Structure formats: C-alpha cells, structure tokens
Amino acid sequence: MRDMDEMSKPVLSDRDREALRAWARGGPERSVRARIVLDAEAGLSVSGSARALGISRPTVTTWRKRYAAEGLAGLEHRPRSGRPPQVDEADVVAATLAGPPAPARTWSARALADRLGISHTTLTGVWRRWQVGPGEGSLPTVPADPALPCARAELLAVWARGDRAVLVIGEAPAAEGQRGRATDADERRARHAALAAQLDRVRDTEPPRAGPSATAAHAHAVSPGGVPAPRDQGPGALIATTAARHPRRTLHVIAWGDEAAYRATTDGHQDHDAPHEAGWHRADSTMSWSATACTVALAELAQFPGRFRPVLHALTEAARAYADAPDDSAFSWQRSETRAGRTPPRPVPRAFNQLALGSYNEKLVIESIREAGALSRVEIAEQTGLTPQAVSRITRNLLTAGLLAEDGRQSAGAGKPRVPLRLRPDAASAIGVHLDPEMISVVAVDLCGGILDRRQMHLFERRDPGWCLEHMTRLALESAAVARQASEALLGVGVAVPGPVDARAGIVLDPPLFDGWEQVELKAELIERLGTAVIVEKDATAAAIGERWLGAADRAGDFVYLYLGAGAGSGAFLNGDVYRGTTGNAGEMGELCAIRAGLLTDEGGPRMVAECAPMSAVVEQAGEAGLMVPRGDGAYDWVCEAAARGDDRAVTVLENVARTVALGAVGIIDLLDVELLVVGGPAVLPSVADLYLGQISAAVNRFPVARRVRDVHVAQSRPNQAAEVGAASSVFHSAFTPRLSPRGRSARGASAHG
C-alpha cells in the first residue's frame, strides 16, 4: 500500500468508511484520527487538515502513514508526545465505574486508556491509588487526606464556587443493602454523561463575588428534594443542616480550597446536641470536585440503585438549572432524607446528551438539514450564516459520529459537484407513550420520524395509577427492545398525558376521567422503572412538538396546534421553541370557549363547556338528535362514519361541536397573533377532518380583531397518532434543537466561526 501522504486522493470502500466511523465513536481522540483519514480521502492537504483540526502537521502525517500501513490497527496506538497529559484521576475512576460500550462487560486497561487518551501506565497507577479495578462491583477509595472508602457511601450535599467545593458524604448503616433493579452499563454511562456535563458547567461558572469572603456567599438554591439549601455562611450551614437531617449517618466532608475557612463557618452553625461531628478530608490536587462527585454517585448507584436513581436525576437537574442562570450565589444542593430528588426544579427536562452534542452550531446544522430534508455544505452555510470552514468542520464531526450521511453528488454547474447531507434515520431513536382515557399507546420512532414499533392497550374498566404504570412500563420496554435493535442510540422516553400537570416535577394532577390520579409522580416512577431519561408533556404540547419535528420546512415558523380528543387544548411554537408556560399547562382553552360564547356562572366566571370534550359531546348530542349510537369505545367513530355517509343529523352535531371549539381558537389567534393553526388529535378522524377544519378556518378568519391584516391558514396535522409520536419527538427536540442560554447568556461557540 502506498504512503497516504503521497496519495492525492486515496480511495476507501464503503465498508472501510463504515468501519472507520464505527471505530471513531469510541472517543474524541479516535474521532480526530478518523477525521485525519477522511481528510486524506477528500484530497485535503496535510496543512489544511492540521488547520481544520487544530493539531500539528507531523501529527496528521503520522496518523495518515499508520493507517496506510496498518489500517485501523495503526490508529490504536498514540504517538508519544514527550510529556504525560495532566489527568483528572477522579474522571478516570468515574469512567471505569460507568463501564464500556456493549458488548464488552468490563474495561480492559488498554481499551480504557485509549478511550481517555492516556497511557496504560498512567491508568494502572490511578487504579492502584484509588484501590479500584475494571470489574463490576469494584468500589473505589477516594485518596483524600485521610482516605475515604466509597463502600456504603451516600452523596448528601454539594457546595461549590468555581474550583472551591465541599462534598458531604454519608455512611449508610451496614444493615441497608441494595434496593431496586440493578443498573447496567448503558444506564451508568448515560447517567454519568448527564451528571458530568452539568457539574463541569457549574465548576466552569465563576459567579461574581458577593463580598470580601468567598465562603460567605449566598447559597440560595432549593434542593430538588424540597429542602431549602441554607443561605449565607458558605458551606457551614449546609453541612450543619445535612447533619441534622441525617442523624443516622456518619458524615464525611471532602474539601477543595480553604478547609480552615470552611471549618470556621461550620463551627458557627454546629448543633452541639448533634450525635457526632463530621470527619474532614482534604482533597488531592489530582482530582476535581465535579468528577469526584460523579465517582461517589456512580458507586452509590451500583449499591443502592432503586433509591438513588431519583436523587441522581435531581442533582443533575439542579446543576443544570444553576449553570443556565448563575447569579452571585454559590451552587448549593442538599438531599432530602425522604423521597429525595422527586421534584426536579426545571419546567423543561433536558437530560438527553448521550450523543454529546454540546455545540449550538452543531445543533443549528442538524436543524437546518432536518427542515430541508437534505442540504449541501454550501447551502448550510447560506442558511445558517456559518463560515464554510465552520460548516466543513461541523459536518465532518457529524459524519464521523454517524448522525449524517452523504447522498449522491449533484452537479451545480461549473466547479466541484455538491454533496447533499441528510440525517441518518437509524442514528437515534426514542419511545413515545400516550396515556388517554380510552387506551395506552406506545410507539418507537427513528430520528426522521419513521415508526419502528407500535403497541396499544385499551383501558376498559381500570384506569388507576398502579395499573396504568405497570402496562405503560411493559409496553415501553417492549418497544425499547425493538428500537435498540433498529438504531444506534435510544435517547429516552417521552410521555404525553392529559393536563393539568406539574411539568417541573413530572406530576400528573387529577386529569378528567382518571380517578385516583390526584398527584401521581409519573416521571419519577417511570425513570425508576425504565432506567432511562423521561420527559412528561401535556398531550397538546407533545402534539405540537411532533408537528414541528416531522413537519419540515412549512412548520419552521410560529404556529399553534389545536388538539382535539377526550378534551380540547392547544400547544404553541413561538420564536423557534415550544411554549409550555411556567408549569407546563399553557394552552388550556375551555374557558376561552366559554367566554367567547357568553357561558358564565352566576358569579361571572366561565362555565364548563361540554363541547370542549369533543368526542363525548359528539356522542351525547348524536343520541339526543335521534341517532341510534352504539354503546362502547367505538361510539364516536360510528357518528363520524355516519357523517361521512351524509347523515344530516351527524353532520349537524359535528358542526356544532366544531363551531364551539372554533370560538376558543379565535381567542388563541387574537392572543398569540400567529398565521398557522394546525388541527389534529384523536377526534380529527380523516372522515371528518374537512368538517372540523372548515368550521375552524371560517371562525379564525372572520372574528379576530386583526383579521384585515392577517390570513390564518388552518391545516390538518401530519403525524398519525399525534400525541405519542409527539411525545417521542419531544426527546429529539430536547436533544437537538438549538437554543441560546436564558438571561442573555449566549451559548459557547455560537459565533459565525463555529
């Protein structure tokens, strides 16, 4: 084989490229080496490849030669740099505990060293100091001063300001054994990736100092378990209240920074009646507090998976909320003793980062390609405003990661033919679950909206929480097994439910037609049962997300989704993102219908409007009109079929319900001033869709105040099974939609230069 440095454009077979891309998914170092080879195939010079990748020309030349001589085996060995890299030992141990990708069950020293980009000698030295190995069940000892074993360790509290931090560790009584379903490597890696990403953001965020003493910063966060973290006095009050809340635990404090100052603030808050004082451990300079927290968390997850899963999720979400909007306070989180972490602090769960798409610009490129179906690099640059160099680098990364694929070359006149890029459907998948008064529906959806699996179960008599959760779990796990076979990454589960909901906590709050659902912690229960990330959305909001994700370019602007089923609601896309409101209940429209129709109570408030439960209202009114409607679940379909056959009574009933619902749509159009209204849901069957759309279109273009300057287009929803497909799409939307951070903090790398 000729030296690749001398080959103007080496040719790789499709099998070579696929093998190279699969190998590159093993870590960032591998990704760089694979890109060097792909650059060579594309005809890019050594200098050009070095500039694009930010590495030296000798490095590019070395890897090209090694691949030319040995293939993939030549890329497995790193060239000696002349000096060992600086290693965060806690990060190495956390990666060890998280485990390797399937099918391997445990790391080999060489495989993990290659994954982390460190030498075999360095890795074994870390394992020796932390008294840990690659086998499942191995628990480390934190090499602080004095050392702290992780056997029976519980992560109880975290205080951090930049690189200064304390971790409060509890020692569980020996009688407490493992509880709950055991973890596997996929779950450990996913949870580790989510937690590490957010704690690193907290560590990299240095808020402005509130006063002369860093340890007197305001630590104001409320813990996800509902325990207010103490204000003022740095970590001292946090440690004292943690000791009071966990009297049966022996406490240990690992400190990064000025341990004496920390101790002083703690002494000021010490409860002298407490059964014991905390033991202090000075952290070693070779371990960061964020990676050490991940290590302790993974050790606890291995020992107590059932009770720790919601706690781990809560800590991740608390760190995310702080990093998104830091102020002059330190980060402070405290675990509750009872049902810790069951109430996440954010209204929008965004924990789907298995694919590690940290760049706003990468997501911007994915969004542009998704909307268009396929785009060349030139077209991506034109649509996004990114430079051609940035587009080239980003698309190369996404191709290597397997998210994008190249279509056939297209001639654009003179010059090099353009190569369209498209999303790979099998790059990722998600599960969507819809809980409806009549049935549980579950779908598995690929990245481009293709249905991989579909399952349903009718709810005839029982709708109690325990029964529904059992079968939602069973159906979701069955669909997940299909999705994992058909795609490279299952990102999570989205669940669509009738409102009202508490989206911040993932709690369902007494929806209509569901007895016993006064306050069901649906999200926390499903996270524990399924062992993966879960999003809970109101059904109308989920349907809007599905319409946006699968509707391509003509759904790229602002629109409202009118969801008609057992109830009537709406979801809205405004300014490029779904609008949920503060609690996740935006879009309720029953009262708008009542006000527009003048249906008021004696006190002047809006009445309940029967037509805002379209399916039951149609059945009831059809019976009153003299139609012999059959009893049972098919009654609504029967009336719709009668209307489609031309039965005047059925048509009149459906038009009456549609006109009432349209009054609520008028209020929404007046309020939000959008030009697109999408109508869908279980009530909008194909046989009567034109009837609904006609009545609604007439109303929203006749009655709104701004009707002279705005034509509202009323369109039928595209996805079949809008709520469950939308629930799955909410997972993709959370993972891939480009967003800038709130409160004016722009995302890193969002400049035109990538």
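**Helix packing and burial in a predicted model**

At 3% relative accessibility, A255 counts as buried in this predicted model.

Q: Is A255 buried or exposed, given 3% relative accessibility?
A: A255 belongs to strand β5, which spans residues 250-256. Buried means under 20% relative accessible area. At 3% relative accessibility, A255 is therefore buried.

Q: How far apart in space are A255 and A283, C-alpha to C-alpha?
A: In sequence, A255 and A283 are separated by 28 residues. In space, the C-alpha to C-alpha distance between A255 and A283 is 5.6 Å.

Q: Are α9 and α12 roughly parallel or roughly antiparallel to each other?
A: The axes of α9 (residues 185-204) and α12 (residues 289-303) come within 9 Å and cross at roughly 155°. Angles over 145 degrees count as roughly antiparallel. The two helices, α9 and α12, are therefore roughly antiparallel.

Q: How do the residues of the contact of α9 with α12 divide into nonpolar, polar and charged?
A: The crossing of α9 and α12 is right-handed. On the α9 side, the residues in contact include R188, L195 and L199, and on the α12 side they include W289, A293 and L301. By class, the contact of α9 with α12 holds two polar, four charged and 10 nonpolar residues.

Q: Which handedness, left-handed or right-handed, does the crossing of α21 and α22 have?
A: Helix α21 (residues 614-624) packs on helix α22 (residues 635-644) with the axes 9 Å apart and an angle of about 65°. That angle makes α21 roughly perpendicular to α22. The crossing of α21 and α22 is left-handed.

Q: Which residues of α22 make the contact with α21?
A: From α21, the contact uses P614, M615, V618, V619 and A622. The contact of α21 with α22 has eight nonpolar residues, with no polar and no charged ones. The residues that α22 brings to the contact are A635, Y636 and V639.

Q: Why do the buried residues of α1 line one face of the helix?
A: Helix α1 covers residues 14-24, and its buried residues are L20, R21, W23 and A24. An α-helix has 3.6 residues a turn, so residues three or four places apart point the same way. Seen down the axis of α1, the buried residues line one face because they fall within an arc of 160°.

Q: Which helices do the buried residues of α1 pack against?
A: On the other side of α1, D14 and R15 are exposed. The buried residues of α1 pack against α2 (28-41), α4 (57-70), α5 (72-75) and α16 (388-401).

Technical notes
Residues numbered from 1 in each chain as written. Predicted model: local features only at pLDDT ≥ 70, side-chain atom pairs only at ≥ 80, totals over all residues. Heavy atoms only, no water. Axes fitted to C-alpha atoms, helices over the stretch in contact; angles between N-to-C directions. Helix = DSSP H or I, 4+ residues; strand = E, 2+ residues; numbered from the N terminus. Parallel < 35°, antiparallel > 145°, perpendicular 65-115°, else oblique. Left-handed = near helix turned anticlockwise from the far one by under 90°. Contact = heavy atoms within 4.5 Å. Nonpolar A, V, L, I, M, F, W, Y, C, P; charged D, E, K, R; others polar. Buried < 20%, exposed > 50% of the residue type's maximum accessible area, 1.4 Å probe, protein only. Arc of directions from axis to C-beta.
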